[in-house]
Amino acid sequence: MRFNPFLDAIKTYESGKDIDLIAKEYGLKEVIKLASNENPYGTSKKAKEAIINNAHLAHLYPDDTMSELKQALAQKYDVLNENIIIGSGSDQIIEYIVHAKLDHTKAYLQCGVSFAMYEIYAKQLGVKIYKTQSKTHDLEQLYDLYQKHKSEIKVIFLCLPNNPLGECLDASVVFEFLEKIDEDCLVAIDGAYNEFASFKDSKKHINPKKLINKFSNCVYLGTFSKLYGLGGMRVGYGIASKEIINAFYKIRAPFNVTNLSLKAAVAALDDVEFVQKTLENNFTQMKLYEDFAKKYEINFIQSYTNFITYFFNEKNSTDLSEKMLKKGIIIRNLQSYGLNAVRISIGTAYENSKFFKEFSEIF
C-alpha cells in the first residue's frame, strides 16, 4: 500500500517504555521509571478525589466550552476566558499552531535540539524546518536564520525551559528577541516546564499575560502533565490573543478533553501544597544528580526542569540505557535526537538512590 511520501521523512515519536512490559521482559520485581518527566509523587489528593467524585459523568460528553477550567486558568494568569484554549495535552496546541500557520510553502524555526513534536507535526504538512547550529537556544543564531529566511518562516518555537536539554533563557532577553519579529510570524513559547524554571530562578519566569498583551503574535503553552501530575489525563492549554484562539478553534475537534480530565485539572490547580512540595523536592534531589555527575566527570547542562541530561564522550548512551533497563531503571536514551546522551527524570529520594547505585556500577 502506498502512503503519502512525507511519511518517509518522519521518525515515529519514542514514548517512554511501559513499566509492566519491562518487568515481564526482564523478570524484574521492581521497575523504576525515570524517562518521561512525570511527577514522581503521583497525582495530588484533590485531583484524585475529583476523578472519583465525578466518575458518574464518564458516560457523558464533557462541557465543550470547558468554562470551569478556563475560568480557573484565567484567574491564575489574570487573563480572559477568551484568551484560553484547552487541548489534549499541550501537544495538541502545537498541532493547532502548525495547521493554522504552515503548509508546504512555508517554514518554521527552532533551536538545534528541542521537543520532537514540533518537527513531527510540521513534516506531516511538508513544512520546511530551520534549526540553529547551536543545540541550545542561541537567540543570535535564531535571529540570523529568521532574517535570512523571513519570507518563509511563519512560526518560531521557543521551548523554555528546553526539552530534552533543560536549559532556559531569561525572560528579558526573550522579550527583546520578540521585539524584532514581524507580527505575521507566530511565536510559540512552550512553557511545559516553566513553573520549574520560575521556582529555581525568577528571571526565567514567562508571564503569559504580559507576553500576549505586549506581543499579539505570541502564544503561551502550558500543561498539567508535569508539575500537576496528570500525564495520564492529557490536559494542556494555550494562552493567546482572541484572534489566535479563534483560529485554533476552527481546527479543534469537539469534546477533545474528557470530563474526568477537566475536573482533575481544576482540582490540581487548587492543590498549592502538592505543587510546592513537588518543586522543593525536585531541586533538592536534582542537586544530588549534579554532584553525582561531577564525581564521575559526566557533562551536563544546568537544568531548570524536572529532569537532567547527561552527555557522554567515551561511553555509549544506548549501551548505558539498555544496561540500566536490565537493572529495572528506565531512562531516556537521546540517540534519536542525534545526541550521545541520556535524559533522567528526577524521581523520589528512594528512586534516585537506586539510580545512583546501579548507574555507578555500570559506569
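How many residues of domain 1 are in contact with how many residues of domain 2? Contact here means heavy atoms within 4.5 Å, and by that rule 33 residues of domain 1 touch 32 residues of domain 2.

This is a predicted model, in which local features need pLDDT of at least 70 and side-chain atom pairs count only at pLDDT 80 or more, while totals for chains, interfaces and linings use all residues. Residues are numbered from 1 along each chain as its sequence is written, and side-chain values use heavy atoms, with hydrogens and water left out.

**Stop 1: the two domains**

Select 5-42 together with 273-361 for domain 1, then 45-270 for domain 2. These bounds come from an automatic or database domain assignment. Between the C-alpha centres of the two domains the distance is 24 Å.

**Stop 2: the interface**

The size of an interface is often given as the accessible area lost when the parts come together. Here domain 1 and domain 2 bury about 2700 Å² between them, and 70% of that is on carbon and sulfur atoms. Buried area is the accessible area (1.4 Å probe) that two parts lose on being put together, summed over both.

Across this interface the rule finds 0 salt bridges; a salt bridge is a side-chain nitrogen of Lys or Arg within 4 Å of a carboxyl oxygen of Asp or Glu. It also finds 7 residue pairs in polar contact, both residues at pLDDT 80 or more. A polar contact is a pair of N or O atoms within 3.5 Å; within protein, one must be able to donate a hydrogen and the other to accept it, and residues adjacent in sequence count only if both atoms are side-chain atoms.

Now select helix H12 (272-295) and strand S10 (307-311), each of which supplies at least two residues of the side of domain 1 that touches domain 2. The largest share of that side, 10 residues, comes from H12. Helices (H or I, at least four residues) and strands (E, at least two) are DSSP runs, numbered from the N terminus.

**Stop 3: a salt bridge in H12**

Show the side chains of lysine 287 and aspartate 291, which meet in a salt bridge at 2.9 Å, N to O. The two are 4 residues apart in helix H12, so about one helical turn separates them. The structure holds 21 salt bridges.

**Stop 4: the sheet**

Next, display the open sheet of 5 strands, ordered S1-S11-S12-S10-S9 with mixed pairing. Strand S1 (32-34) and strand S9 (299-300) are at the edges with a single partner strand each, so one side of each has no neighbour in the sheet. Two strands pair if DSSP finds at least two bridges between them. S10 and strand S12 (residues 341-345) pair in the antiparallel sense over 5 bridges, and phenylalanine 311 stands opposite alanine 341 in S12.

**Stop 5: backbone details**

Most residues other than glycine have a negative phi, and most peptide bonds are trans. Go to the loop between strand S5 (153-159) and helix H7 (171-178), where proline 161 is placed. A cis peptide bond joins leucine 160 to proline 161, with omega about 0 degrees. Proline 164 is also in the loop between S5 and H7, and the peptide bond from asparagine 163 to proline 164 is cis, with omega near 25 degrees.

Finally, select asparagine 37, in the loop between S1 and helix H2 (45-53). Its phi is positive, near 60 degrees, in a residue other than glycine.
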